[in-house]
Amino acid sequence: VHFPDVERVEWLNKVLVQAWPYFGTIMEKTFKEVLEPKIRAKSVHLKTCTFTKIHFGEKCPRINGIKAYTKEIDRRQVTLDLQICYIGDCEIHMDISKFNLGVKGVQLYGTLRVILEPLLTDAPFVGAVTLFFMQKPHLEINWAGMSNLLDVPGINVMSDSLIQDFIAARLVLPNRITVPLKKNMNIAHLRFPVPQGVIRVHLLEAENLVQKDNFLGAIRGKSDPYALLRVGTVQYRSKTVSRDLNPIWNETFEFVVHEVPGQDLEVDLYDEDPDKDDFMGSLLIGLADVMNDRTVDEWFPLSKTTSGHLHLKLEWLSLVNDQEKLHEDKKGLSTAILIVYLDSAFNLPKNHFEYSNGECGAKKIKNNKYLKKMEREPSSFVLLTVGSKTQKSKTCNFSKDPTWGQAFTFFVHSAHSQSLHIEIKDKERDSALGTSVVCLSHLLKDPNMTLDQRFQLDHSSSDSFIKMKLVLRALNVEEPDPQRVKVGVSASKPGPVRVTEKAGNQQKFASPPQVSKVPPMSKDSAALESLPKKDSGEDLDTKDSSAAPVPSETVSGLDEAEGKQNAEHGPPSALPSGAAAVPTLPVLQEMRLAPSVTSLGSLPSSCFELSSSNLDIHKTEMPLGEIQLTVRYASIRQSLVVLVNGCRNLVPSSNRGVDPYVRIYLLPDRRWTSRKKTSVKKKTLNPQYDEKFEFFESLENVKKRSLDIAVKNSRPFISQERKELGKVRIDLSQEDLIKGFAQW
């Protein structure tokens, strides 16, 4: 699939192929001269470690595509997303104490983000390069030698996931690698930028989930659903609701968001079972859309399953330097975020007896056989605690002046009363080398709510310090821009989902049909105000006295809550059904069309206006009526969206009356399975459908195809009546599909 905003870089892949043998030679040298001595120094048992074979193979990594960001980011940086795929035939073998271990082939794919910043006015023009994976990359390793025991089913999953966790701890957000390209470049703020915001997820309820529990393989019981929610490396699990296909959770989770655009909210539903939990559907929501909308309260259709919807309320919280926003939340939710940049420590004691008040104890154990071990410099790590949450730093081996260089984030409920507790521990002896307590109220005395200093350690040497930078930021829900068309349901990025169809005159919703569970319409949208008039010489056919169907908001994938629009975007139902005059074209432009279709694009500006389009339409000589269509390409969902609004002035094929429906093909595909069809409207020549259909194809493919649309009469099988009432063909190569068009 070719995404329109992702560029193919075959020239770069050709460069990689040519350079790969030379890269392999450099890596072989690095393994022998740098890595081997480091492994030997790690432990007594690894002193015999030797690389016996290092070969990086013929197959080099491929870059499937690059996406460049220039508009959504700071002007002093360039951000690139590289889709990396490596199916390698590398072979690396090593001997440790007569055991042979090795790797024979690796598969790795994921999206690597590369940030070049800051851009400079002198050489080398870029100050530093920052690298990280947006999500955990997919990894498979084919083990060789003694280590092929790790290929045994069960163990292989464990070994691969351990390595994935090792990569995640260094290279997956919020962790990143920053390489300075200019001398004396301060990269601390590049390695640990302040997060972009916080996403608060209210997991409310689900509906019509798939039955997964079987009894004796036949009778389907009710499932026990729970949800896994993930942003980057942070994952939360909801409670399990027993025996319910319409579970209600009403739980709230909070995630720190580091990169937008880029990071997504992933939700997976599972049925809890004693043996293996069954998958019940998933959801992927782009956080850039939530950040722009501020609040999204929607029913989302689940993908990778046959049925089910999930009701989420998502709130985007900005990080602000404003103490007035720090009032305690009555519901017990977080009001602030504490960012801890853990830098280093100085003059740590070799053991917990070394500081002054422990001299007596140190003398008592002088003859101890562990004395030599006690004399060694400590291998220290730090435990940081705020409230009930504790986080652990990496371990710095054998140093009384360790440097960690890590960042941690904590949610704060009450900045006036909570504290940060720091404890430095020795890995070898699990003893405390020093502690410190910082009251968060100290941060409130600083106008920037920031402390960057050395903190004296308690229960340690008199000259032992820890260096940290603490930043406190209030969480603030900003009011959404009233001018902006909300993205709503289309913030989700599912694969093709079949929405359950309803027969007859019922409208099709991707959100569940129960009215009771749909959030109430806003007063703005409920007010039926007249549409504003504009002068224009380009009127529609005003002679027609029949009803003029107008693009309606009742479209698949729309929630009633989407109605929060300006008055001029009010519901089209405000128009009288038997209106004698058709609204002029500029009036329709003011309506901005149904937001469900307009907002399926990836940018807020993708809302299209109604315009007369140069359609390549083949009509028969005698007019057989008209059909109103809205056609647009949705970048987020990678699909062509066709909205069938309605027909007017159809010519009856018999005295019995007609029951019209619309059939759509995306030519040249005429397979019955890919046919799209509206519901049947009984005994009418002016049917109103307002039904949406999607063709999941790349924009490149869609541009080469055409739409074949026929209005047909639903008649008995043995009837002699004419079935086809009229037909239209639209050549899509001539259209601006990202902007879209709507026309009779």
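Is Glu626 buried, exposed or partly exposed, and what is its relative accessible area? I opened my notebook with that one, keeping in mind that the model is predicted.

**Entry 1: Glu626 and its partner**

I found Glu626 partly exposed, at a relative accessible area of 28%. I then looked up its salt bridge and found Arg648 at the other end, with N to O at 2.8 Å. Glu626 sits in strand β26 (residues 626-634) and Arg648 in strand β27 (residues 639-648), and the two are 22 residues apart. Arg648 counts as buried, with 2% relative accessibility; the cut-off for buried is under 20%.

I noted 23 salt bridges in the structure and picked out a couple to follow. Glu10 pairs with Arg62, and their closest N and O atoms are 3.0 Å apart. This pair links distant parts of the chain, since Glu10 belongs to helix α1 and Arg62 to strand β2 (residues 62-69), 52 residues apart.

Next I turned to Asp708, which forms a salt bridge with Arg663 at 2.8 Å between the closest N and O atoms. Asp708 lies in strand β31 (residues 706-713) and Arg663 in strand β28 (residues 660-667), so this bridge ties together parts 45 residues apart in sequence. Here I found Asp708 and Arg663 both buried.

I also jotted down a network of salt bridges that links Asp81, Arg113, Arg176 and Glu259.

**Entry 2: a pocket**

How many residues line the second largest pocket? I counted 42 in the record of its lining, with Met27, Phe31, Phe56, Phe166 and Ile167 nearest the centre. Its volume is about 2200 Å³. Among the elements giving two or more residues to the lining are α1 (10-42), β3 (78-96), β4 (99-119) and α2 (155-171). Helix α1 gives the most, with 12 residues. By type, I have the lining down as 35 nonpolar, 4 polar and 3 charged residues.

**Entry 3: a sheet**

I traced an open sheet of 4 strands in the order β12-β11-β14-β15, with antiparallel pairing. Strands β12 (234-237) and β15 (278-286) stand at the edges with a single partner strand each, so one side of each has no neighbour in the sheet. On average, neighbouring strands are turned by 15° against each other, direction ignored. Zooming in on one pairing, I found 4 bridges between β11 (residues 225-231) and β12, which run antiparallel.

How values were computed
Residues numbered from 1 in each chain as written. Predicted model: local features only at pLDDT ≥ 70, side-chain atom pairs only at ≥ 80, totals over all residues. Heavy atoms only, no water. Pairing = 2+ DSSP bridges. Axes fitted to C-alpha atoms, helices over the stretch in contact; angles between N-to-C directions. 1 Å grid on protein atoms, 1.4 Å probe; cavity = no way out; pocket = protein on both sides within 12 Å on 5 of 7 lines; lining within 4 Å. Points joined across faces, edges and corners; volume = space filled by probe spheres on them. Nonpolar A, V, L, I, M, F, W, Y, C, P; charged D, E, K, R; others polar. Salt bridge = Lys/Arg side-chain N within 4 Å of Asp/Glu carboxyl O. Buried < 20%, exposed > 50% of the residue type's maximum accessible area, 1.4 Å probe, protein only.
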